[in-house]
Amino acid sequence: MSEAAAERGEPGTPLVEVSHLKQYFPIKSGLLIDREVARVHAVDDVSFSISPGETFGIVGESGCGKSTLSRCVLRLLEPTDGTVRFAGRDITDLSRRELRPLRREMQMIFQDPYASLNPRKRVGQIVGDPMRLHKTVPKDGDGAAKEAVKPRVQALLERVGLNPEHYNRFPHEFSGGQRQRIGIARALALEPRLIVADEPVSALDVSIQAQIVNLLDELQDEFGLTYVFVAHDLGVVRHVSDRVGVMYLGKLVEVSPADELYSRPIHPYTAALLSAIPIPDPRRNQARERIVLEGDVPSPIDPPAACRFHTRCPRATELCSQIEPPLVDYGGGHLAACHHPLNVTPADVARATIAPETPASAGDTMPQLGGSEAGGTVAGSSSSSDPSSSSS
Ligand SMILES: Nc1ncnc2c1ncn2[C@@H]1O[C@H](COP(=O)(O)OP(=O)(O)O)[C@@H](O)[C@H]1O
Ligand code: SF4
Ligand SMILES: [Mg+2]
């Protein structure tokens, strides 16, 4: 769709479109001349789009490239290859100056509320600074700015559940949950359209996590926000996300509407992540077979060939180490990149097509049912990988 159409907010225009995005970090060495000796393949040919008002969850173990991907979406990094579009506009090659007006529309909430707030600034200043910087309030000088900012900051503090009287306090006077509320108020200060929340509750007590997640949920409805919500465990994203993308070693291996992902994981890596979520009912927990992920994520400097998960996957066959599986569209917005998928029938495979989002390096081999563990129970769901008993 055209930029003008996107600006008018015509239905169907994604707010964010990421296409074949790559972010490699060079590793340099050498005494006199800086030579590139290797590259970290942090994000490697990832494509997806997000509709206005939607929450797109990104999950995967630590080091899989989630933060790098979200920083690319906000153009805080300059991608190695591929494109990023925001509201229909290609922002991949914009300069810092050209990006500046867009900064108002895209904000970030960070994982660590301790590190992300300047300890020497008062709360009023932290939340009000973006307004002054982007001149959404009158210029400093005769006190007009101060008068304009304070009530707006106080209203924001109140909206995120803080006492507006605490305007002059310093971050250390607040608890972890309250500091994250300050971070949320700061992100809202410029009335953005997109908020990227990078593990916003990972550093908080479990009891506080739900409060912050609920607050983000309410704010989304109130301000019509679009979220990218990054988390390293699937349990947290479950209730907030409309759709979830699962990342493994720089690749998007599965994308699905959230509910469907939990009831019918197709990629073995997703099933393994799901099986790590505790089930409250101990009987069900015992009955469920777990896929335990052995070892750590391999190095993204020299990632495993073909399917990057083959060194840890219980279903891997020879094919998996020879040809990269394409990202296959199973319908209903459910995509997965696996040669031996779980929870699909032969009929599902017959109807499936290779998605346009598939990486350029992937092959065009359609999935084959059954891997080296064909017939085994699927972790994290009650269905089985046996096609005869799986959902359709
Ligand atoms: N600026 C950087 N320079 C070099 N390597 C980086 C840089 N930022 C991240 N990485 C590497 O990229 C990979 C992905 O990191 P990251 O995006 O932070 O993953 P996640 O957020 O999923 O934990 C990691 O191996 C990390 O060490
Ligand atoms: S079965 Fe093969 S293609 Fe699928 S995730 Fe495992 S290693 Fe990768
Ligand atoms: Mg991260």
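## Burial and overall make-up

Buried residues make up 42% of the protein's 392 residues. A residue counts as buried if 20 or more other C-beta atoms lie within 10 Å of its own, as exposed if 12 or fewer do, and as partly exposed in between, with C-beta atoms placed from the backbone. This is a predicted model: local features need pLDDT of at least 70, side-chain atom pairs count only at pLDDT 80 or more, and totals for chains, interfaces and linings use all residues. Residues are numbered from 1 along each chain as its sequence is written, while chains are lettered from A and ligands numbered from 1 in the order in which they are written.

The protein has 12 helices and 13 strands. These are DSSP runs numbered from the N terminus: helices are H or I with at least four residues, strands E with at least two. Take the contacts with a separation of 6 or more: residues 24 or more positions apart account for 66% of them. Two residues are in contact if their C-beta atoms, placed from the backbone, lie within 7 Å.

## Helix α4

Helix α4 covers residues 123–133. Its buried residues are Val-123, Ile-126, Val-127, Gly-128 and Met-131. An α-helix has 3.6 residues a turn, so residues three or four places apart point the same way. Just after α4, Lys-135 takes a positive phi of about 55°.

## Helices α6 and α7

Two packed helices are described by the angle between their axes and the distance between the axes. Here α6 (residues 176–188) and α7 (residues 206–223) pack at about 15°, with axes 10 Å apart. Axes are lines fitted to C-alpha atoms over the stretch in contact, and angles run from 0 to 180 degrees between N-to-C directions. The two helices are therefore roughly parallel, a term for angles under 35 degrees.

On the α6 side, the contact uses Gly-176, Gly-177, Gln-180, Ile-184 and Leu-188. They meet residues of α7 including Ile-208, Leu-215 and Phe-223. This contact has 7 nonpolar, 4 polar and no charged residues. Nonpolar means Ala, Val, Leu, Ile, Met, Phe, Trp, Tyr, Cys and Pro; charged means Asp, Glu, Lys and Arg; the others, Gly among them, are polar.

## Two ligand shells

Ligand 1 is surrounded by residues including Phe-25, Val-40, Lys-66 and Pro-300. Near means that a residue's C-beta atom, placed from the backbone, lies within 6 Å. Helix α2 (66–73) and strand β2 (35–50) each supply at least two residues of this shell. α2 gives the most, with 3.

Ligand 2 has 14 residues around it. Cys-307, Cys-313, Ala-316, Cys-320 and Cys-338 come nearest. This shell divides into 8 nonpolar, 5 polar and 1 charged.

Terms used
Angles under 35 degrees count as roughly parallel, over 145 as roughly antiparallel, 65 to 115 as roughly perpendicular and the rest as oblique.
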